[in-house]
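Visitor: Could you walk me through a few side chains here, with the cut-offs spelled out as we go?

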Amino acid sequence: MRNMKLFLLFSFFLFIVISYKTYEQYNHIKETQKLIVLNESQSLAAFISSFRQTYQDAFLANHIEVNKKTINLLPVKTISEISERFSSSIEGDIVIRTVSDRPRNSKNMANTFEQKMIQYFKDHPKEKESFLQEEDAFYYTQPLRIKESCLQCHGKREDAILSIRDQYSTAYDYKLGEIRGLLNIEIKKRDFFAGMYADFTNTLLSRILLYMVFLIIIYLLIREIRQQEEQYTRDLEIDIKRKTNEIIKQKDTFETLFEKSADGILIIDNGKFIQCNEKIVEMLHYDSKDDMLNVRPSELSPEFQPDGRRSDEKAEEMINIAIKNGTHQFEWVHSKANGKNFVTEVTLTSITLNNRNVLHVIWRDISEKNKVQQELLKQKDILDYQAHHDGLTGLPNRVLFNDRLEHGIELAQRHSMKLALFFIDLDYFKQINDSLGHQIGDRVLIAVAERLKAKIRNEDTLARLGGDEFTIIMEDLKDVKDASLLAHKIQKVLEQPIHIEGHTLYISCSMGISLYPQDDTDANNLIKYADAAMYKAKEEGRNNFQFYASEMTEFALERMLMKSSLRDAIDNKEFILYYQPQVDATTGKLTGMEALIRWQHPKMGLLHPRKFITLAEESGLIVEIDRWVMTTAMKQMTQWYHEGLEAGVLALNLSMRQLRSDDFIDILEESFKRAEFKPEWLEFEVTEGEVMKKPEESIMKLEEISGMGINITIDDFGTGYSSLAYLKRLPVSKLKIDQSFIEGLPDDKEDAAIVKAIIALAESLGLDLIAEGVETDAQKEFLLASGCNHIQGHYYSEAISAAEVEKKYFGTSDHTKR
C-alpha cells in the first residue's frame, strides 16, 4: 500500500514537470516567432534606409533637376512603388510604407496607427525602433529623422534646391534631427509559423504517450520490488538463524580469549570472585584458579592507597562510579600472594551475565610504564630548566626573565607596590674576550654572576640575557633609595679584582634603572627604558648607574636611527673631512694637519665623531669608515702638493681593528698608488691604551708600517698604562701629549709636572713631541719654555674644511689656486 502511494505521488510530480516544460516550450516558440519577424523587419529597414540614402546622394551629387520626368526617381516615390510591387509579389504578407504626417504626396499620408507611432517617437526621442504584435500581424516601425543632406530638400524653402522649391510648396522648415516621417513594415503571420505550432502539438502528444508508458513501467517495477521484499523477509529469517549460530561460536572464541588475554581478568558478583583467567593467577602469584577465587577482594590490596585513603573505602567508591557510568578506569596498588605491592591500571565495567548484574574487571600491570613515565618527567624537568636558564651561569635566561617581570608587575599592581628593573652591562668585557679568549671570558661571567647573586635578596630575580648583559628585578621596593643602594653595592663588588689562571682582571659595569609604576606599567617599556638608561650610563663615561628619564628614550631612539642610517651614510657619501692644522710655535709655520671625520646627517645636521664612532665600532663599519678617511685625505694632500702647496704631514687616526685586518697593508699600498701619495707625507696616530692590549702583535704590525717610511705617533700619551720596556721597542717617532694635561696649564702644578715629565721622556728616547688641545697663549708659552714646539689646538685653528685650510694657510680659494 505504501509503495502504491509513493507511485501516485511520483506520477503527480512527473505530470507537473511535463506540464511546466510544455508551457515553457510553447512560450519559447512564441518568442522565436517574434525574434524571426523582428530580424526580418530590421533587415528590410536597413535595406530601405541604404536604398534611400543611395538615391538621395545620387540626386544631390549629380545636381539632377526635379521635373516631371525625374520626379518619379526621387527616393520617396521610388521606395513607395518598390514597396507596393514587393508586397504584391508576396501576396501581401509584407507591406512596407514610408509615410509622413506632412507628406508632399497624398499617398504617403500616415494612417491613424502610423500617426500614433510618429507621435510616440516624438515623445520618446531616444527610441530608435518599435516592434508590436496586433491580432494576426507584426508591426515594425522606425522614425525617419532629418539628416544634414535632407535639409537641402526639407529645410527652409528659400535654401532648398531650386527644382525642389519650384516643384513643391509643402514639407519645409524641418530642423536637423526632427522626425520627418515613419518607416512602417507590416508582416502577417504565415504558414511557416503554423508548421511550428503543429510540430509543438505532435511533440506534446508524444510526451503524453511516453508519460503513460513510463508510468506503466514504474508500476511494474514497484510490483517487482514488493515481491523481492517478501523474498528478502524469508531470506532474513534464514540469515538470523545462521548469525545466531555464529554468535554462539564467537562466545566460545571470547571465552578462549578471556583465558589467553595478556591482562588479568576477573568477574565479581556481589563482592565475590566467580571467574578469572590464568593471567590474573600468574600476576598475583597464586597456585591455581581455585586459590584465586577463594580469596576475598579486600585481601588483594594494602590497607592504604598512595593518596592516603583506606583501600576498602576507596574500592567501594570506584565500584559505585563504574555502576553509575557503566565503566570506570583508575590506577590501583595491589598486593601479590608473596606480599609485594605493584601498580595496576584497573578497568571496571558493569555487565549482565546470566541475568545478573556483575563487574567485569581488567588488571594491567603498569609498574614498568610508571618507571618510564617518571624518567620522562625527570627529563622534561631538565629540558624545562635548560629552556629557562642560562647554560653558563645557571641564571634565569631571557624567557624566564620576561615571565618573572610580567609576574612581578602583576603582583606589584595587585598590592600597590613598587618595582625596579636593572639593566647591567659589563664595561670593556669584549677586550677580555678578545685578548684572553672566551674560556677566561666565560669564567669572568660566572664570577660576576656569583657576586651579583650574593648582593640581591631572595625575592629578587637575577638573569643573564646573553653576552655580558645581566638584569635584576627588584620586587617590593619600599623606596627608590633602596635601588640606589643596591646599585652602589653592585658597583663596589664588581670593582674588586678577579683572579683567573694567574690573571688579575678589573671590570666595572654600566647600569640603567627603570621604576614601576613611576616610569611605566608595561613590561616592554620598562625594559626599553632601563636599556636606554644603561646606554646613558655608558655615554657618561661608564662605571656608573643612571635612573631612566624621559629624554633618554629620545637618546635611545636617536642612537637606533643613527645606527640604521650609518650604512647609508657611506653609500650616500654623507661623510666629510675636516683638517686641524699642526703648527711649529717657534715660527708659526704649518707642519701638518690631522684629518678628522664629520657626518653631514640629512636630518641631524653636522655630527661630531663622538656621536657615531662608538656605533661604527659596534656595527663593524669602523674599518670601512677608516679606509674612506685614509683614501679621501690622501687624495686631498696629493692635490695640495701637486699644486705646489706645502701641506706638511697628514696625521690619521689608526684603529687597532683596522691595523689587525689581514689586508690592511695591501689596501695601504693600493691607496698610495691610486692617490700618487708618498709614505713620508703620512703619519699614523695610535692610542696608547689600544697598543698596550696586545703589545707584541702591535709591535710587529707597526714595524711593518714603519718600514714603509710612515711615521708612528702615540696619541693621548699619558692616559694609558704604557710599559717603558714596550715603549722603547715600539717603532714610534712622536708622542702626542693628551689635551687633558694641557687644560690646567700653566697653573695646575700636577699637569705642569706631568707635561714636563713627558717632554723629558721624549727627549731621552729621541722622540718628537706635539701637544693637542692648546687654546691659550699662556699654554703655548709654557710648552715652548718646556721644550715642546709643535702645537695643535684652537689657539691656531679648530678643525676646518679643505677650502678653509687653503684660504687660511695657502692664501688661495677655489678660484685662485696656483
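Guide: Gladly! Buried means under 20% relative accessible area, exposed over 50%, and partly exposed in between, with a 1.4 Å probe and protein chains only. This is a predicted model, where local features need pLDDT of at least 70, side-chain atom pairs count only at pLDDT 80 or more, and totals for chains, interfaces and linings use all residues. Residues are numbered from 1 along each chain as its sequence is written, and side-chain values use heavy atoms, leaving out hydrogens and water.

Visitor: Is phenylalanine 612 buried or exposed?
Guide: The cut-off for burial is under 20%. Phenylalanine 612 has 0% relative accessibility, so the residue counts as buried.

Visitor: What kind of pair do the rings of tryptophan 599 and phenylalanine 612 form?
Guide: Rings of Phe, Tyr and Trp (its six-membered ring) pair if their centres lie within 6.5 Å; planes under 30 degrees apart are stacked, over 60 edge-to-face, and the rest tilted. Here the centres are 5.5 Å apart and the planes at 85 degrees, so the pair is edge-to-face.

Visitor: Which residues form one aromatic cluster?
Guide: Tryptophan 599 and phenylalanine 612 are both buried. They belong to one aromatic cluster, whose members are Phe575, Trp599, Phe612 and Trp628.

Visitor: How far from glutamate 345 is the nearest side chain of opposite charge?
Guide: Lys and Arg count as positive, Asp and Glu as negative, with His and the chain ends not counted. A salt bridge needs a side-chain nitrogen of Lys or Arg within 4 Å of a carboxyl oxygen of Asp or Glu. Glutamate 345 is buried and has no salt bridge. The nearest opposite charge, lysine 369, lies at 4.1 Å.
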